[in-house]
Amino acid sequence: MSDLSLHDTTLLCRFSAASGRLLDSLKKSPLRKKSKTYAVIRKAVNKATPLVQRAFIRAVIATQKGVDAPALRKAYASGDIEGAVKAIPWDSIGEPIIREQLVPALSEAMASVAVAEAKTHGFDGFSIVDPKPAEFIARYGADKVVEISDGVRLGLRKTLSLARETGMPATQVASQILPQIGLHEAWTEAVHAYRDKLTLDSDLTERAVDREVARYANQLRLTRALNIARTESAFASAAGQRQAWDAMAEDGFIDRAVARRQWIESSNPCPQICEGMDGQTVGLDEPFTGGDGSSIDDVPAHPGCACSSSLLPEGE
């Protein structure tokens, strides 16, 4: 029921990852050039991102195919928005598929960064067993999957409510709602606005409008999947880095009281939060301060953030 095939998704994922690496190669700050940490984290994030993105897209496609269309139409026709949402099996299909692939991908990213970060600082007594990624990611992954799927459900409720407000017939609801599964609330509104524009300002047939709207929704969904994947991969990598630092402090390799870490901007920092933070230094257990004055424990500072942080040699 989706215009987006897994083959197309795979190609787009690879293109997105390659584009990100190209951007980083075109614009490098002095800190990024000399930071081994930055290279370690970007490598882990670039490896995990397409895996997590494909997990999200697979979950969306499986969920679309598993929808009970008659139940959806019946609930929608009676004004039962919650009943219509429940006709979409995100809990039984979408979440398990995401968790099945998200957790291993993020576990690997976390462990690889932890080990590489420790070795970068000459601390070799740190193996993949030490970071205990499975325990952390099992808890972390579960929370994130619920957060992601909750956002999808909010988007569905918004979509169904808008459809009711505009008088969409129950016979059309499944074909027009299904392409929007996987979008958050704001983007479902964008899809509806796009449909309204096409309906009012073009000579397209109803079927042609449906195709264009489905294509637009697919583009938005792919963008969201990529954003989720990059952000979650960055969170996992930062967690691995942090576990390495904590292990180094516990073993006396670094002094937690004097150790400092430094913010390293990405090639395209967020103007509101990250821009201008390059080179900011704080204690190991102190937060950074964002460009908007917000307190930031560690990277990523926001969805899609590609900045990183690095442990400074003592005395710097």
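Reader: Why is Tyr194 called partly exposed?

Author: In this predicted model, Tyr194 has a relative accessible area of 24%, and because buried means under 20% and exposed means over 50%, Tyr194 counts as partly exposed.

Reader: What makes the aromatic pair of Tyr194 and Tyr216 tilted?

Author: The ring centres of Tyr194 and Tyr216 are 4.6 Å apart and the planes make 45 degrees; since centres within 6.5 Å make a pair, while planes under 30 degrees apart are stacked and those over 60 are edge-to-face, the remaining angles count as tilted. Tyr194 belongs to helix H9 and Tyr216 to helix H10, so the pair ties together parts that are 22 residues apart in sequence.

Reader: Why is the pair of Trp263 and Phe288 called edge-to-face?

Author: The planes of Trp263 and Phe288 stand at 75 degrees, with the ring centres 5.0 Å apart, and because planes over 60 degrees apart count as edge-to-face, the pair takes that name. Trp263 lies in strand E1 and Phe288 in strand E3, 25 residues apart.

Reader: How do you know that Trp263 is buried?

Author: Its relative accessibility is 0%, and buried means under 20%, so Trp263 counts as buried; Phe288, also at 0%, counts as buried.

Reader: What makes the charged end of Arg164 sit over the ring of Tyr76?

Author: The charged end of Arg164 is 5.6 Å from the centre of the Tyr76 ring, where the distance criterion is within 6 Å, joined to a limit of within 35 degrees of the ring normal; the charged end of Arg164 is accordingly described as sitting over that ring.

Terms used. Residues are numbered from 1 along each chain as its sequence is written. This is a predicted model: local features need pLDDT of at least 70, side-chain atom pairs count only at pLDDT 80 or more; totals for chains, interfaces and linings use all residues. Side-chain values use heavy atoms; hydrogens and water are left out. Rings of Phe, Tyr and Trp (its six-membered ring) pair if their centres lie within 6.5 Å; planes under 30 degrees apart count as stacked, over 60 as edge-to-face and the rest as tilted. Helices (H or I, at least four residues) and strands (E, at least two) are DSSP runs, numbered from the N terminus. Buried means under 20% relative accessible area, exposed over 50%, partly exposed in between (1.4 Å probe, protein chains only).
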